[in-house]
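Me: I have a model to read and want to learn feature by feature. Please give me the general idea, then the case at hand.

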Amino acid sequence: MTTHKAVPVSVDAMIDDLRTLVEVESPSRDIDALKASATTVAAVIESRLGGRAELVETEGGTHVHWSGGGDPRVLILGHHDTVFPLGTLERRPFTVEDGRATGPGVFDMLGGVVQAVHGLASLGDRSGVEILVTADEEVGSRSSRALLEDRARACGAVLVLEGAADGGGLKTGRKGCGTFEVSVAGRASHAGLEPEAGVNALVEAAHQVLAIAALGRPGIGTTVTPTVATAGTLDNVVPAEATVTVDVRVETPAEKERIEAAFAALTPHLDGAAITVQGSVGRPPMPESASAGLFALARRLLPGVDGVAVGGGSDGNLTAALGVPTLDGLGAVGGGAHADHEYLLVDAMAERADLVAGLVNAVRGPERPE
């Protein structure tokens, strides 16, 4: 148990800490920037909660882990990497105006990290609580997955501080999501003199795009969306190579298996073409059953709060897949994730910090969800 005293939740103090975090830019995959950001996150945690926040350095960036001591009972899970490149802050600085905080990462998800820390600081007893703030959630959680799964199993309940759903709802279910890359190998030739001597990788890719798009079943929540394509070198050369990137979202494990099998079974339409497929549905679906117990507790603490299933994925998908009770969307109320108009509603910060504190107490109490 930490020795720091409980303190009332202060919106001004949360805004100060949010500014501190936002002004240390943290684009995914920028190892140096992520280390600086992690150091700042650790300093904020230690200043508000006491104890020591461990920096866990990996090839994917530096993660931050803090424990309140005692038997682990609940994991507060977030990330400090953002999708915005260095220099975004200069163009879009942290600003608070008309009840909104704006700046890169305020909603996804630095605001949630700050609210969780301050909510926990309002409790005199912080034992049994762990905080893990990872550095690579936006790019697949490859370097943090083993660590977050280990801590989720140890704690037995997970509160994910991703931004709230539209209107402030909690996220009680998530689609599984993944990315596939389909590479086509053809054969180059002169497009004017002997096009028939080549194998057109772009034409083959066009066949594959149509076949891939047909895999979607929107009626049951499965979307299969080709998003990026590249092919060719010069306008007078039959292209020898092409690639297609595909975003996939599924609601059930059965659809995950069907989609992965379908990609593995793709075959060329043109003689002489070859296809290579990489990728998977890396984040399994988070069923609403995984959040049912925690959401019931949340509704007692904040009557009327909605629970919604959403299409985007998070690390909550990974912890729910372990069978660990997981509730998501507990972070900032706002919108515009990954966009220039990203914002956080300041008036909701204290309420959400209090909700996190209440859930921590409830999870540690006799009504612990199973």
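Me: Where is Arg 29 found?

Reply: Arg 29 is found in the loop between H1 and H2. Helices (H or I, at least four residues) and strands (E, at least two) are DSSP runs, numbered from the N terminus. This is a predicted model, in which local features need pLDDT of at least 70 and side-chain atom pairs count only at pLDDT 80 or more, while totals for chains, interfaces and linings use all residues. Residues are numbered from 1 along each chain as its sequence is written, and side-chain values use heavy atoms, leaving out hydrogens and water.

Me: What is phi of Arg 29?

Reply: Start with the general idea. Most residues other than glycine have a negative phi, and most peptide bonds are trans. In Arg 29, phi is near 75°, a positive value in a residue other than glycine.

Me: Which residues does a cis peptide bond join?

Reply: Asp 108 and Met 109. Omega is about -5° there. Met 109 lies in helix H4. Keep H4 in mind for the next part.

Me: At what angle do the axes of H1 and H4 cross?

Reply: Axes are lines fitted to C-alpha atoms, for helices over the stretch in contact; angles between N-to-C directions run from 0 to 180 degrees. Here H1 (residues 11-22) and H4 (residues 106-121) cross at roughly 135°, and their axes come within 9 Å. H1 and H4 are therefore oblique to each other. The scale is this: under 35 degrees is roughly parallel, over 145 roughly antiparallel, 65 to 115 roughly perpendicular, and the rest oblique.

Me: Which residues of H1 and H4 make the contact?

Reply: Contact means heavy atoms within 4.5 Å. H1 brings Ala 13, Met 14, Asp 17, Leu 18, Leu 21 and Val 22. H4 brings Val 106, Leu 110, Gly 111, Val 113, Val 114, Gln 115 and His 118. By class, the contact of H1 with H4 has nine nonpolar, three polar and one charged residues. For the classes, Ala, Val, Leu, Ile, Met, Phe, Trp, Tyr, Cys and Pro count as nonpolar, Asp, Glu, Lys and Arg as charged, and the others, Gly among them, as polar.

Me: How do H2 and H4 pack?

Reply: H2 (residues 31-49) packs against H4 at an angle of about 20°, with the axes 9 Å apart. That makes H2 roughly parallel to H4. In H2, Val 44, Ile 45, Arg 48 and Leu 49 take part. They meet Val 117, His 118, Leu 120 and Ala 121 in H4. This contact of H2 with H4 divides into six nonpolar, one polar and one charged residues.

Me: At what angle do H4 and H10 pack?

Reply: About 60°, with the axes of H4 and H10 (residues 349-364) 8 Å apart. That makes H4 oblique to H10. H4 supplies Gln 115, Ala 116, Gly 119 and Leu 120 to the contact. From H10 come Met 349, Arg 352, Ala 353, Val 356, Ala 357 and Val 360. Seven of the contact residues are nonpolar, two polar and one charged.

Me: What lines the second largest cavity?

Reply: Ile 76, Leu 77, Gly 78, Val 113, Ala 116, Ile 131, Val 133 and Leu 161. Its volume is about 40 Å³. The largest share of this lining, three residues, comes from S3.

Me: Which residues lie nearest the centre of the largest pocket?

Reply: Glu 138, Cys 177, Arg 249, Arg 283 and Gly 313, out of 36 lining residues. The largest pocket has a volume of about 920 Å³. S12 gives the largest share of its lining, four residues. By class, the pocket lining has nine nonpolar, 14 polar and 13 charged residues.

Note on methods
On a 1 Å grid over the protein atoms alone, a cavity is a set of points where a 1.4 Å probe fits but cannot get out, and a pocket is an open set with protein on both sides within 12 Å along at least five of seven lines; lining residues have an atom within 4 Å of a point. Grid points are joined across faces, edges and corners, and a volume is the space filled by probe spheres set on the points.
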